[in-house]
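Please read these comments with the model open beside you. They go from overall layout to individual residues.

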Amino acid sequence: MMVTEYNDPGYRPMSMLNLAGFLSRSAVNGPGIRAVVWVQGCPFRCEGCFNGQFQSFSPATLVDPDDLARAILSIPGIDGVTFSGGEPFAQAGPLAELGERLRRAGLSVITYSGYTTEQLAEGNDPTWPALLAVTDLLITGPYVAGLAAPDPLKGSANQQVIALGTRIPVPRKAACPAGAGSRMEFTIAPDGTVTTTGFPTPALVTEFSSRCGGS
Ligand code: SF4
């Protein structure tokens, strides 16, 4: 007899996760210190997308959600995990399975999506409700470069921040520390790989590029 830790009789093991990137600790992807899971593949083509290399649906790193859950739960002192991309709702099944494991262990889940709130509510993909059910804070809507504005949780003013649970209240912008509205974070791995993340304004990206000799 196969035994799972899931009580839902409708539970079925889901597919592998196509992972674009992973960071064990970040301070700029939501409140607190969070692991970040970037998925590979996005149906949108937002002008000015910060993660253009994550748009292709080609296989990147395929991981078992259960293995990834164990890896995340071994990270000490984190408050939760943030699902970003790419488009998390294009892989809602395995992310829901991952989020379920993490929330059971007490972590919170933030999920980003290029879909609008209305599209997610009206969509008929059967895996979407499962991901919504394990999401504490949902940020919806495509990135619109013309509406870019300093904000600790989103890239452009059209995006919505919605609390679906009680683990993460929607942060009040006025309560954010000075400068928190537009931050970039650089993480250097032992092998020298640099991960750049955050919600920088186009002006901050331009300034960074010029100071580093980029184009
Ligand atoms: S939804 Fe996000 S990942 Fe997809 S193209 Fe837009 S900004 Fe890039």
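1. Basis and confidence. This is a predicted model, in which local features need pLDDT of at least 70 and side-chain atom pairs count only at pLDDT 80 or more, while totals for chains, interfaces and linings use all residues. Residues are numbered from 1 along each chain as its sequence is written. The mean pLDDT (the predictor's confidence in each residue, from 0 to 100) is 85 for the chain, and 80% of its residues reach 70 or more. Over residues 1–13 pLDDT stays under 50, and the model has two contacts beyond four places in sequence for that stretch; a contact is a pair of residues whose C-beta atoms, placed from the backbone, lie within 7 Å. Where pLDDT is low, the predicted coordinates should not be read in detail.

2. Overall layout. The chain has five helices and nine strands, taken as DSSP runs numbered from the N terminus (helices H or I, at least four residues; strands E, at least two). From the N terminus on, their order is β-β-β-α-β-α-β-α-α-β-β-β-β-α. Of the contacts with a separation of 6 or more, 68% are between residues 24 or more positions apart. Buried residues account for 35% of the 215 residues in the chain. Here a residue is buried if 20 or more other C-beta atoms lie within 10 Å of its own, exposed if 12 or fewer, and partly exposed in between, with C-beta atoms placed from the backbone.

3. Strand β4. Five of the five residues of β4 are buried, so the strand is largely enclosed by the rest of the structure. Gly80, Thr82 and Ser84 point one way, Val81 and Phe83 the other way, and all are buried. Strands are taken to pair if DSSP finds at least two bridges between them. β2 and β4 run parallel and are joined by five bridges, with Val37 opposite Phe83. β4 also pairs with β5 in the parallel sense, over four bridges, and there Phe83 has Thr111 as its bridge partner.

4. Nonpolar core. A nonpolar core is a set of buried Ala, Val, Leu, Ile, Met, Phe, Trp, Tyr and Cys residues joined through C-beta atoms within 7 Å. The largest one has 35 residues, and those with the most contacts inside it are Val37, Val81, Phe83, Leu95, Leu102 and Leu131. Elements giving two or more residues to this core include β1 (17–26), α1 (65–73), α2 (92–104) and α4 (128–133). Beyond four places in sequence, Leu95 is in contact with Leu17, Phe83, Pro88 and Leu131.

5. Cis peptide. Please check the peptide bond from Gly85 to Gly86, which is cis, with omega near 5 degrees. Gly86 lies in the loop between β4 and α2.

6. Ligand shell. Which residues are closest to the ligand? They are Cys42, Cys46, Cys49, Gly114 and Tyr143, out of 14 that surround it; a residue is near a molecule if its C-beta atom, placed from the backbone, lies within 6 Å of it. By class, the shell has seven nonpolar, five polar and two charged residues. Ala, Val, Leu, Ile, Met, Phe, Trp, Tyr, Cys and Pro count as nonpolar, Asp, Glu, Lys and Arg as charged, and the others, Gly among them, as polar.

7. Loop between β6 and β7. Gly155 is in the loop between β6 (137–140) and β7 (160–163). Gly155 counts as buried because 28 C-beta neighbours lie inside 10 Å. Its C-alpha atom is separated by 6.3 Å from that of Tyr143, twelve residues apart along the chain. Beyond four places in sequence, Gly155 is in contact with Tyr143, Ala148 and Phe199. Lys154, also found in the loop between β6 and β7, is partly exposed because it has 19 C-beta neighbours inside 10 Å. The contacts of Lys154 beyond four places in sequence are Ile139, Gln159, Val161 and Phe199.

8. Hairpin of β8 and β9. Five bridges join β8 (residues 184–188) to β9 (residues 194–198), and the two run antiparallel. Met184 has Gly198 as its bridge partner in β9. Five residues lie between the strands of this hairpin, in which Gly192 takes a positive phi near 90 degrees.
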